[in-house]
Amino acid sequence: MELGMVGLGRMGANMVERLVRGGHRVVGYDRDAGAVGRVTAAGAGGADSLENLAGKLAKPRAIWIMVPSGSPVDDTIAALLPHLTKGDILIDGGNSNYKDTQRRGVALKGQGFQFVDVGTSGGVWGLKEGYSMMVGGDKAAVEYLRPLLETLAPAKDQGWGHVGPSGAGHFVKMVHNGIEYGMMQAYAEGFAILKKKNEFTLDMHQVSEIWRTGSVVRSWLLDLLSIALKDNPEMAGIAPYVSDSGEGRWTVAEAIDLDVPAPVITLSLLQRLTSRDSDSYSDKLLAAMRNQFGGHAIKAAAKK
């Protein structure tokens with residue numbers, strides 16, 4: 001089976017390589033010619049424009065889009081449509097908001113196209129380990145794509161599934177990422193407590209290795225944490241600034257809309273926001289209030 005891939009960042013490029021290794025024909029396009037060159041070196045075909053990409057694929061075409069969420073997805077679809085014919089399938093494998101996906105699905109279906117959303121997890125390890133994929137869209141389109149999905153997955157019958165109609169795949173991936181926020185925060189806080197207990201001089205990497213086998217808290221995240229602790233036990237050179245993809249925010253908003261309490265996910269998101277404020281006005285106000293009502297000492301800010 002063949003596929004067009006638009007967006008050849010690290011994850012997209014790794015997916016192309018896994019598909020090529022699995023015997024599929026893939027044609028890749030990216031605005032960065034160097035990225036196209038890297039996938040062609042791995043055995044894929046290359047295109048220098050979206051029109052060229054579409055022209056190199058047999059009908060019905062299947063084109064997988066791996067670009068940032070929001071307007072880049074809409075812009076890519078709009079640029080592709082003049083070069084496609086009815087019956088072609090567009091796939092969004094990025095972290096789009098499921099409501100945007102539902103909107104796009106309705107619009108594309110009205111124009112005669114299929115739209116499949118694939119919430120994709122696996123990151124930089126997907127090339128070796130396979131990708132976890134949560135798939136939304138019409139059953140017929142998903143079945144047509146099955147050979148590709150089975151190749152990208154950890155196994156043909158593991159790590160992926162058709163979870164529902166258009167938008168369902170991105171919705172499940174959104175909640176998946178919200179859970180990830182909470183798990184990461186719990187690990188980080190736990191190891192911070194261990195690190196602070198100076199009298200035991202605990203070896204953080206050793207503890208992570210112990211927990212990786214047999215423990216109820218073992219997970220792939222812990223495996224990755226262990227690698228990080230082995231390579232850099234003091235986290236030297238790493239700023240305490242944690243970004244977010246936006247999916248944690250969407251998960252919290254959805255929980256509020258559905259009246260579902262989600263305190264762990266919510267607090268883990270807020271903690272990420274806190275990490276970005278190196279000059280916290282609110283914390284300064286807290287110190288000032290403690291001084292006002294209790295005469296508690298205020299620590300002077302370091303001179304810059």
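Predicted model: local features only at pLDDT ≥ 70, side-chain atom pairs only at ≥ 80, totals over all residues.
A nonpolar patch on the surface is formed by Y281, L285, L286, M289 and F293. Together these residues have about 590 Å² of accessible area. One of them, F293, belongs to helix α13, which covers residues 281-294. The relative accessibility of F293 is 64%. Because exposure is assigned over 50%, F293 counts as exposed at this value.

Most peptide bonds are trans, and most residues other than glycine have a negative phi. The bond from K59 to P60 is a cis peptide bond, with omega near -5°. P60 is located in the loop between α3 (50-55) and β4 (62-65).

For T201, which is not a glycine, phi is positive at about 40°. T201 is placed in the loop that runs between α8 (168-196) and α9 (204-212). With a relative accessibility of 66%, T201 counts as exposed.

D259 is likewise not a glycine, and its phi is positive, at about 60°. The loop between α11 (247-257) and α12 (263-274) contains D259. Its relative accessibility is 69%, so D259 counts as exposed.

Technical notes: Residues numbered from 1 in each chain as written. Heavy atoms only, no water. Patch = residues over 30% accessible without salt bridge, like charges linked within 9 Å, V, L, I, M, F, W, Y side chains within 5 Å. Areas by Shrake-Rupley, 256 points an atom, 1.4 Å probe, with all protein chains shown as cover. Salt bridge = Lys/Arg side-chain N within 4 Å of Asp/Glu carboxyl O. Helix = DSSP H or I, 4+ residues; strand = E, 2+ residues; numbered from the N terminus. Buried < 20%, exposed > 50% of the residue type's maximum accessible area, 1.4 Å probe, protein only.
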